[in-house]
Amino acid sequence: MVVIKNILGRILAFWGAIVFTITLLIAVIPIWLTNYIKEPVGTEIFRRISKVWMEFFLITIGCRIIVKGKKYFGKGQNYIVVSNHNSYMDVPVTTPQIPGPNKTIAKAELAKIPLFGLIYSRGSVLVDRKNERSRKESFGKMKDVLEQGLHMCIYPEGTRNKTNEPLKSFHDGAFKLALDTGKPIIPALLFNTKRVLPGSSKPFYLWPATIHMDFLPPVVIQPGDTVATLKEKIFNIMYDYYKVHAANYS
């Protein structure tokens with residue numbers, strides 16, 4: 001049975017790659033044109049195109065997505081969204097489902113992929129994590145994103161969580177950004193994206209599942225908050241929520 005599932009998972013991965021490539025070729029031109037539309041409207045149009053694209057893609061690979069907590073995004077407000085990170089599926093799911101225009105901190109090297117890189121860089125603040133100057137510049141760019149009225153999505157674990165724990169330890173960046181800008185933080189939890197695309201544990205493998213994305217109430221910056229206390233607070237909120245809900249979403 002395991003052998004059959006592994007074979008089917010690789011067939012589905014091949015099918016998913018074909019669908020993704022074909023739909024990418026359709027989406028790339030209208031997404032590229034959004035670069036010439038003033039912000040934040042350009043990014044919002046990009047997000048809506050991406051949402052239609054990704055929801056169609058999920059249907060064709062046998063997945064569905066259920067999103068909760070969009071009510072926590074106040075009208076006329078923008079936020080720093082911090083999400084857990086388990087799979088390559090996370091970014092394509094997260095960006096379209098955050099209500100309102102948003103950008104994600106993302107690896108600069110992936111922007112070099114032909115055609116895909118155009119779409120990837122359109123919705124991202126790119127950073128070369130090995131380059132100190134790039135990291136500093138990306139922090140300023142994230143501030144600019146927030147000043148333009150967009151949400152900024154950050155994965156505070158830094159890289160994908162390959163452990164068996166709900167979360168890896170967090171980096172400081174998202175919380176320093178919150179303290180510097182005064183923007184509230186909305187925690188977001190993704191469930192089952194690792195089941196869809198396990199990554200290095202099962203290379204070139206895809207399996208249908210229901211993906212859940214839950215937004216939690218915003219955490220407002222309080223007097224006396226520091227990077228360390230804010231990081232600990234958000235980590236505990238996300239960790240506890242994941243532990244309580246993971247079994248219900250499996």
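A salt bridge is taken here as a side-chain nitrogen of Lys or Arg within 4 Å of a carboxyl oxygen of Asp or Glu. In this predicted model, lysine 143 and aspartate 180 meet that condition, their closest N and O atoms being 3.6 Å apart. Because lysine 143 lies in helix H5 (residues 132–147) and aspartate 180 in helix H6 (residues 173–181), the pair ties together parts that are 37 residues apart in sequence. Both partners are partly exposed, lysine 143 with a relative accessible area of 26% and aspartate 180 with 41%.

Aspartate 180 also meets the side chain of lysine 176 in a salt bridge, at 3.2 Å from N to O. Here both residues belong to helix H6, where they stand four residues apart, about one turn of the helix. Lysine 176 is partly exposed, its relative accessible area being 39%. Elsewhere, salt bridges that share partners join Glu44, Arg47 and Arg48 into one network.

A search of the whole structure finds ten salt bridges, among them one between the side chains of arginine 122 and glutamate 39, at 3.7 Å from N to O. Since arginine 122 is in helix H4 (residues 116–122) and glutamate 39 is in the loop between H1 and helix H2 (41–60), this pair ties together parts that are 83 residues apart in sequence. Arginine 122 is buried, with a relative accessible area of 5%, whereas glutamate 39 counts as partly exposed at 25%.

As for the chain as a whole, its secondary structure comes to eight helices and seven strands. The radius of gyration is 18 Å, which agrees with the value near 18 Å for a compact globule of 250 residues, and the C-alpha trace spans about 55 × 45 × 35 Å along its principal axes. Buried residues make up 45% of the 250 residues. Helix H3 (residues 90–97) is largely enclosed by the rest of the structure, because six of its eight residues are buried, namely Asp90, Val93, Thr94, Thr95, Pro96 and Gln97.

A nonpolar patch of about 730 Å² is made by Leu25, Ile29, Trp32, Leu33, Tyr36, Leu115 and Leu118, and its largest share, four residues, comes from helix H1 (residues 2–33). Leucine 33, which is found in helix H1, counts as partly exposed at 43% relative accessibility. A positive patch is formed by Lys5, Arg10, Arg195 and Lys202; of these, arginine 195 lies in helix H7 (residues 193–196) and is partly exposed, with a relative accessible area of 44%.

Conventions: Residues numbered from 1 in each chain as written. Predicted model: local features only at pLDDT ≥ 70, side-chain atom pairs only at ≥ 80, totals over all residues. Heavy atoms only, no water. Patch = residues over 30% accessible without salt bridge, like charges linked within 9 Å, V, L, I, M, F, W, Y side chains within 5 Å. Areas by Shrake-Rupley, 256 points an atom, 1.4 Å probe, with all protein chains shown as cover. Lys, Arg positive; Asp, Glu negative; His and termini not counted. Charge placed at Lys NZ, Arg CZ, Asp CG, Glu CD. Helix = DSSP H or I, 4+ residues; strand = E, 2+ residues; numbered from the N terminus. Buried < 20%, exposed > 50% of the residue type's maximum accessible area, 1.4 Å probe, protein only. Rg over C-alpha atoms; globule rule 2.2 N^0.38 Å.
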